[in-house]
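This briefing reviews selected features of one structure, grouped by topic. Please read it alongside the sequence and the model shown here.

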Amino acid sequence: MEMLTIGAFSKASRLSPKALRLYDELELLRPARVDPETGYRYYAPEQLEQARLVAWLRRLGMPLAGIREVCALEPPAAAREIRAFWARTESETATRRDLAAFLVDHLSRTVPRDPSDPTDPSFPGDPSEDTAMLELRYSALSDTGLVRPANQDTAYAGTRVLAVADGFGSGGAPASSAAVEALKFLDDEPLPAGSVLNLLEDAVQGATQAVQEVAGPTNEIGTTLTAIVWTGSQLALVHIGDSRAYLLRGGGLFRITHDHTMVQSMLDEGRLTPEEATAHPQRALLLKALTGSGSTPAPAPDVRLHDALAGDRYLLCSDGLSAVVPEATIRDTLAAASTPTEAAQALVGAANDSGGPDNVSCVVADLVNAESQ
């Protein structure tokens with residue numbers, strides 16, 4: 001078929017000549033022929049499909065390096081890569097959405113009050129009308145299970161900090177303990193909501209260094225870490241690995257962490273169904289964890305803010321619970337227990353009733369009015 005000039009190809013592909021020249025330089029879309037004398041570019045009609053793919057991927061927000069990789073793949077593999085890219089994008093967008101909501105709320109609360117104007121929504125008025133102070137009521141429980149010879153989990157609950165870590169390798173127990181110990185100082189720190197993320201990121205760096213000191217240069221020793229820090233008005237969450245955090249609100253159970261595992265990645269990409277994931281032989285293979293220094297940079301944990309409501313019940317647990325007890329059972333158990341201690345004991349019992357193949361740790365915390373008994 002007859003070659004198309006760059007102008008004709010631009011109209012057909014809806015890519016500007018400037019964009020086509022850029023994609024040529026970046027080797028994303030090379031012309032079929034370049035005139036050796038004039039340097040004028042010509043394109044084959046069959047290149048229109050690739051040109052449209054490049055344009056669509058640009059609209060999707062994919063970086064040029066990613067587009068180059070996708071364009072080099074066969075269609076099924078390209079589809080999987082696009083699906084994986086969009087899953088990552090949605091996760092990052094959720095994090096930015098939470099941060100934006102927090103900033104809007106935080107800055108809205110800093111509007112100066114007019115103490116002389118009782119119509120001002122922030123007028124102090126009757127102290128009994130102030131928003132009730134909230135606090136955590138909590139319980140932590142860790143159990144070796146029925147199969148493992150030793151417990152490599154660490155569970156902790158304090159007035160501000162809740163944490164579960166699941167160690168692995170020959171030094172798994174000290175690794176999980178070191179990660180949690182590095183967060184405990186937040187229990188004694190004033191935690192203004194506006195700076196809690198910075199404080200938490202500093203604490204995570206301390207946890208990473210503590211684990212590296214325990215594990216040394218090997219990546220075979222490490223730990224997961226899932227923790228919540230209560231500021232008095234919001235919850236800050238840090239998460240890496242496959243321990244989980246759940247929220248029981250209004251009778252519904254919501255998982256508020258995303259597993260950093262091979263199987264979860266395959267689920268995100270559509271390569272596995274939820275049913276296939278539960279029986280996959282590599283379901284415990286971690287993609288991210290706190291490990292020894294190794295030869296690669298330490299992966300970044302997820303750090304997010306969550307709004308909190310009186311009556312919320314939170315569960316942090318190692319995969320010794322979530323891998324063997326269905327979420328419906330976890331929900332029913334959390335909903336039925338009258339106290340965090342009762343809930344933690346019942347959940348550990350449920351894991352052991354299911355064979356107890358792994359260490360199991362639970363932290364359960366209720367957000368309640370400080371005045372309530």
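A salt bridge is taken here as a side-chain nitrogen of Lys or Arg within 4 Å of a carboxyl oxygen of Asp or Glu. On that basis the structure, which is a predicted model, holds 12 salt bridges. The points below begin with some of these and then turn to strands, rings and helices.

**Salt bridges**

- D24 and R41 meet through their side chains in a salt bridge, at 2.8 Å from N to O. Because D24 belongs to helix α2 and R41 to strand β3, the pair ties together parts that are 17 residues apart in sequence. Both D24 and R41 are buried.
- A salt bridge also forms between R148 and D358, whose closest N and O atoms are 3.3 Å apart. The pair links distant parts of the chain, 210 residues apart: R148 is in the loop between β4 (134-143) and β5, and D358 is in the loop between α12 (340-353) and β15 (360-369).
- R148 counts as partly exposed, at 38% relative accessibility, whereas D358 is buried, with a relative accessible area of 14%.
- For D259 and R255, the closest N and O atoms of the salt bridge are 3.6 Å apart. D259 is buried at a relative accessible area of 8%, while R255 is partly exposed at 31%.
- R255 and D259 also belong to a network of salt bridges that links them with R244 and E327.

**Strands and the hairpin**

- Three strands form an open sheet with antiparallel pairing, in the order β1-β3-β2. Its edge strands are β1 (4-5) and β2 (33-34), each of which pairs on one side only.
- Strand β3 (residues 41-43) runs antiparallel to β2 and is joined to it by 2 bridges. R33 has Y42 in β3 as its bridge partner.
- Strands β10 (residues 244-249) and β11 (residues 252-255) are antiparallel and joined by 4 bridges. The bridge partner of R249 in β11 is G252.
- The hairpin of β10 and β11 has 2 residues between the strands, and G250 takes a positive phi near 60° there.

**Aromatic rings**

- The count of aromatic pairs comes to 2. F9 and Y43 form a stacked pair, with 4.3 Å centre to centre and 10° between the planes.
- This pair links distant parts of the chain, since F9 is in helix α1 and Y43 in strand β3, 34 residues apart. F9 counts as buried at 0% relative accessibility, and Y43 is buried with a relative accessible area of 0%.
- Y40 and Y42 form an edge-to-face pair, because their ring centres are 5.8 Å apart and their planes lie at 70°; planes over 60 degrees apart count as edge-to-face. Y40 is partly exposed, with a relative accessible area of 39%.
- The ring of Y42 also has the charged end of R33 over it, 4.7 Å from the ring centre.

**Buried helix residues**

- The buried residues of helix α1 (residues 6-13) are I6, F9, S10 and S13. They lie on the same side of α1, because they cover an arc of only 105° around the axis.
- Elements covering the buried residues of α1 include β1, α2 (17-25), β3 and α3 (48-60). R14, which follows α1, has a positive phi near 60°.
- In helix α6 (residues 172-181), the buried residues are G172, A175, S176, A178, A179 and V180. Among the elements covering them are β5 (153-157), β6 (161-168) and α7 (196-215).

Note on methods. Residues are numbered from 1 along each chain as its sequence is written. This is a predicted model: local features need pLDDT of at least 70, side-chain atom pairs count only at pLDDT 80 or more; totals for chains, interfaces and linings use all residues. Side-chain values use heavy atoms; hydrogens and water are left out. Two strands pair if DSSP finds at least two bridges between them. Buried means under 20% relative accessible area, exposed over 50%, partly exposed in between (1.4 Å probe, protein chains only). The arc is that of the directions from the helix axis to the C-beta atoms. Contact means heavy atoms within 4.5 Å. Rings of Phe, Tyr and Trp (its six-membered ring) pair if their centres lie within 6.5 Å; planes under 30 degrees apart count as stacked, over 60 as edge-to-face and the rest as tilted. A charge sits over a ring if NZ of Lys or CZ of Arg is within 6 Å of the ring centre and within 35 degrees of the ring normal.
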